[in-house]
Amino acid sequence: MTVLDTIVKFLFSVIRVSTPLVFGAVAACVTRKAGLLNLAIESMMLASALTGVLVSGATQSLLLGMLAGFAAAIAITMIISYSAFVLKCDLYLVSIAMNTALVGGTVFVMYLFTQQKANTAGAIPSLFVGSMELPLIKNIPLLGGILSGHNVLTYVAFLMVFLVWFLLYKTKIGLRIRSVGENPQAAESVGISPRRIYFLSFGMSGFIAALGGMYMSMGYLTWFARDMIAGRGMISMSAMNIAVGEPVSATLAAMMFGTADALSNYMQLGKFPSELISMFPYVCTVAILVLMAVIRTVKATAERNKI
């Protein structure tokens, strides 16, 4: 294998492992524009990943499996939204509690249906989303090897970036979401219900996060494994924070984290300690966040000095 072939395969892997991060980052952007932080992306992805596998396996229908995955994630968003915006619980504590509950809860539900606590492989004949060759791009040297042949949900992820950007900046509902995020009191004074926008933004966020969860269990793999999201929801939040809620910039940040994840996979071929390999993506996340904080601080200091 030549060096060029290795580079092509690595870039292909970057796109592949970045897909759930892109879904998570874009999902977080929707609520961020509404003035909220969706810390429960991890639980939404976990719930949809397990539900999609169980229902598609039981019904042998990919459509029903994916619809069930969407329903599971949106149910999580509605529980959180009702607790936070109606019962006035702390949004972030509820979200963190939901993440913690779903890590164990998904294992419990998996055991009820499969009598397994590790994964559903062999226990449930789950259906999965297949890959797709891009008609013209696949014949282009190098570029075809990088962009063509990915899972269908990978292409949906990058299409979703455009759709969310269009929703937020080119539609009436997007304007309402951003107005509530900027000043909920002013939005309410002109007849916009912040509570309704909060419910709506969390619901849309759950729908997008569900795609990331189902990609993990019905695209990247073809079964559900315990805690298979493995912090990707929080890494997606980091990507969104770096981009300050901008979908396109958040996608680029998610791709950076995906590159670190792909590097950790390639490190397994070397003689690196397994503990170092597993911590590498998260160390890169912290390092990038620190770097961005330093850059912002320097810019803010320079602007103050000009004044």
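This is a predicted model: local features need pLDDT of at least 70, side-chain atom pairs count only at pLDDT 80 or more; totals for chains, interfaces and linings use all residues.
Figure 1. A search of the whole structure finds 8 aromatic pairs, and one of them joins Trp165 to Tyr169 in a tilted arrangement, with 6.4 Å from centre to centre and 40 degrees between the planes. The two residues are 4 residues apart in helix α6, so about one helical turn separates Trp165 from Tyr169. An α-helix has 3.6 residues a turn, and therefore residues three or four places apart point the same way.

**Figure 2. Buried and exposed residues of helix α7.** Helix α7 spans residues 172-182, and Gly174, Ile177 and Val180 are buried within this helix. Seen down the axis of α7, the buried residues fall within an arc of 130 degrees, so they line one face of the helix. On the other side of α7, the exposed residues are Lys172, Leu175 and Glu182. The cover over the buried residues of α7 includes α1 (3-33) and α6 (152-170), together with α8 (184-189) and α9 (194-220).

**Figure 3. The largest pocket and its lining.** The largest pocket has a volume of about 260 Å³. Among the 14 residues that line this pocket, Arg232, Asp261, Ser264, Pro281 and Tyr282 are the closest to its centre. Three helices, α10 (232-243), α11 (247-267) and α12 (274-306), each supply at least two residues of the lining of the largest pocket, and α12 gives the most, with 5 residues. By residue class, the lining of the largest pocket comprises 7 nonpolar, 5 polar and 2 charged residues.

**Figure 4. Surroundings of Asp261, a residue of the pocket lining.** Asp261 lies in helix α11 and is one of the lining residues closest to the centre of the largest pocket. With a relative accessible area of 15%, Asp261 is buried, because that class takes in values under 20%. When neighbours within four places in sequence are left aside, Asp261 is in contact with Val17, Arg232 and Pro281; Arg232 and Pro281 are also named among the lining residues closest to the pocket centre. For scale, Asp261 and Met110 are 151 residues apart in sequence, and their C-alpha atoms are 27 Å apart in space.

Figure 5. Ser238 is found in helix α10, one of the helices that supply at least two residues to the lining of the largest pocket. Ser238 is buried, with a relative accessible area of 12%. Apart from neighbours within four places in sequence, the residues in contact with Ser238 are Phe257, Thr285 and Leu289.

Key: Residues are numbered from 1 along each chain as its sequence is written. Side-chain values use heavy atoms; hydrogens and water are left out. Buried means under 20% relative accessible area, exposed over 50%, partly exposed in between (1.4 Å probe, protein chains only). The arc is that of the directions from the helix axis to the C-beta atoms. Contact means heavy atoms within 4.5 Å. On a 1 Å grid over the protein atoms alone, a cavity is a set of points where a 1.4 Å probe fits but cannot get out, and a pocket is an open set with protein on both sides within 12 Å along at least five of seven lines; lining residues have an atom within 4 Å of a point. Grid points are joined across faces, edges and corners, and a volume is the space filled by probe spheres set on the points. Ala, Val, Leu, Ile, Met, Phe, Trp, Tyr, Cys and Pro count as nonpolar, Asp, Glu, Lys and Arg as charged, and the others, Gly among them, as polar. Rings of Phe, Tyr and Trp (its six-membered ring) pair if their centres lie within 6.5 Å; planes under 30 degrees apart count as stacked, over 60 as edge-to-face and the rest as tilted.
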